[in-house]
Amino acid sequence: MRLLTALLATTLLATPALAGPDFAPAVEADYAAHLEKLFVDFHKNPELSFKEARTAAIMAKELRAVPGIVVTEKVGGTGVVGVMKNGDGPVLLVRADMDGLPLKEDSGVAYPSTVTQVDIDGTTKPVMHACGHDVHITSMIGTARQLARLRDRWRGTVVFVVQPGEERIDGARRMLADGLYTRFPKPDYAVAFHVTADMPTGKLSLEPGISSSSSDSVDITIPGIGTHGASPHQGKDPIVMGAQIVMALQTLVSREIAPLKPGVVTVGSFHSGFKHNIISDKAELQLTVRSDDEDTRKKLLDGIKRIAANVGRMNGMPEDKLPTVKVGFESTPVTLNDPALTGRVRSAFTSAFGEDVMHVEERTGMGAEDFAYFIQKDLGVPGAYFVVGGTPQADLDADKAGGKPVPAHHSPFFRIDPKPSVTLGTQAMTVAVLDLLKR
Ligand SMILES: [Zn+2]
Ligand SMILES: [Zn+2]
C-alpha cells in the first residue's frame, strides 16, 4: 500500500504541469533555432494579395529543405505546393495563407514592417501582416519539419498548400483552377487554421458546422445623364439614384430575410462626381454581402440586382442604361467544418493537450475565408478549420476591464504574440496530421 502510494506520488510528480504532445520540446527548440527568425523575416516583409513573390520563394526554399518534400511553384499565380509522401495511406491537405494587407504598421512590435508595394490596382501602398498570416506560414514550416522527424509515426501523403490572395478571397479558387486537385494528389481531408487576437494564447477552438460566412464583393455601376447642376431637370442624377439604392438595400436583410437568419449588406464605397455644379454621368458603389447559407446568399444577391435595376426605372432611365450589378469576383461560399472530421481532430487535440485547451470562440461577425473552396461539398473533401489563440490572457483581461483595447485584425495596431502562437499552431497541426495519418 505504502509502495503504491509512493509509486502514485512519483507518477503524479512526473506528470508535466502543462499538457502537450511528447514532441512539444522539439517544437520549442525549433522555434528558438529556426522558426523565430523566419517569422520575424515574414513579418518585416509582408506582401499584398497575388504579389507574394518573395514570401512564396522563401516558402518553396523552406519546404524543399525538408527531407522528402517535392515542391512546385507558381500554382495559381504565386501559390506553392509541397507534396510529402510517406508510403501508402490517406492524402491530407494542409493549407496556410500568406498575404498581408495594405496598412501602415503601428503595432509597436520591435520588428515592424516598413515596406511598400505596388498593388494589383497599380498604386503603391504600405503593407503589413495585419491578419497573422505570417504565423500560419511559419507554423506550416514548423509542421513540415516535425513530420519529417516523426516519419515513423504516420503514413500517407501530406500536401502543403501555400495559398496566395486570401484577403481578396480568390487565391484558393485560382489554385484549384490551376489543377491543385488534378496535378497533385487529391486530398481525402483538408485542414487549416487561423490565429486570432480575440482568444488567449495556449487555446484552440474547433467546432462543427459553420466556421465562417460566405462573402461576395458586388460592384454597382449607375449610369446617369450629366448636365449643369443648376438645370437638374435636363439630366438624370446618378448620385440621387445611388442614394436611393443605398437606402433601399437596407430593407433586404430587415424585410426579406427571416429574422433568425443572419445576413449583411454593407456599402463600403460610393464614388461619383467632379465638382459642385456638375451633375455627373456615373456613380459607383462597392458592397460586401455576407450570409451563412446558400439560400440567403441567393436572396440577397438577387435582391440587390432587382433594387438596382428598378431604381433606374423609377428614375426614368432607358432600359439599356439601367444600373448594372457585377458579382462573382472576390467571392467565397460558407466554410463548413465537417462534423466527423472535426470530432476526430478535436479529440486528438484534447488527448494531446488536455480538455482545458479548447476554447469556445463565439462568432461576433460574419468574417469569410476562402478555405471554403478547398472543401466545397461537390469536391468531396471534408475539412476542419481551427483557431489558435494569439493574445496573452492578461491583455484580454485588461481590455475586458475597460483598459487598453486588444487591437482587431486588419488594424494598424494588430499584434500577435508570436512564440505561443507559432509553437501551438505547429503542435496542433502536427497532432492533427499524426492522428489523421496514423499508422
Ligand atoms: Zn484577414
Ligand atoms: Zn486572415
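**Exercise 1.** With which residue does D295 form a salt bridge, and how far apart are the closest N and O atoms?

*Solution.* The model is a predicted one. The partner of D295 is K299, with the closest N and O atoms 3.7 Å apart. Finally, consider accessibility: D295 is partly exposed at 43% relative accessible area, and K299 is partly exposed at 44%.

**Exercise 2.** Determine which parts of the chain are tied together by the salt bridge between D292 and R363.

*Solution.* The closest N and O atoms of D292 and R363 are 3.0 Å apart. D292 belongs to the loop between β14 (282–291) and α7 (294–314), and R363 to the loop between α8 (339–353) and β18 (383–391), so the bridge ties together parts that are 71 residues apart in sequence. To classify the partners, apply the limit of under 20% relative accessible area for a buried residue. D292, at 14%, counts as buried, whereas R363, at 37%, is partly exposed.

**Exercise 3.** Which helices hold D435 and R344?

*Solution.* The side chains of D435 and R344 meet in a salt bridge with an N to O distance of 3.0 Å. D435 lies in helix α10 (residues 418–436) and R344 in helix α8, so parts 91 residues apart in sequence are tied together. D435 is buried at 15% relative accessibility, while R344 is partly exposed at 31%. Elsewhere, salt bridges with shared partners join D119, D121, K125, R168 and E330 into one network. The salt-bridge count comes to 27.

**Exercise 4.** Identify the donors of the zinc ion (ligand 1) and classify the geometry of its site.

*Solution.* The zinc ion (ligand 1) is coordinated by C131 through SG, by E167 through two OE entries and by H410 through NE2, at 2.0 to 2.7 Å. Along the chain, these donors follow the spacing C-x35-E-x242-H. For four tetrahedral donors, the ideal angle is 109.5 degrees. The angles among the 4 donor atoms of the zinc ion (ligand 1) run from 53 to 150°, and the site is irregular. A tetrahedral assignment would require all angles to lie between 85 and 135 degrees.

At 8% relative accessibility, C131 counts as buried.

Definitions and conventions. Residues are numbered from 1 along each chain as its sequence is written. Chains are lettered from A and ligands numbered from 1 in the order in which they are written. This is a predicted model: local features need pLDDT of at least 70, side-chain atom pairs count only at pLDDT 80 or more; totals for chains, interfaces and linings use all residues. Side-chain values use heavy atoms; hydrogens and water are left out. Donors are N, O and S atoms within 2.8 Å of the metal (3.2 Å for Na, K and Ca); water is not among the atoms, so sites may look incomplete. Four donors count as tetrahedral if all angles lie between 85 and 135 degrees; four count as square planar and six as octahedral if opposite donors are over 155 degrees apart and all others between 65 and 115; anything else is irregular. Buried means under 20% relative accessible area, exposed over 50%, partly exposed in between (1.4 Å probe, protein chains only). A salt bridge is a side-chain nitrogen of Lys or Arg within 4 Å of a carboxyl oxygen of Asp or Glu. Helices (H or I, at least four residues) and strands (E, at least two) are DSSP runs, numbered from the N terminus.
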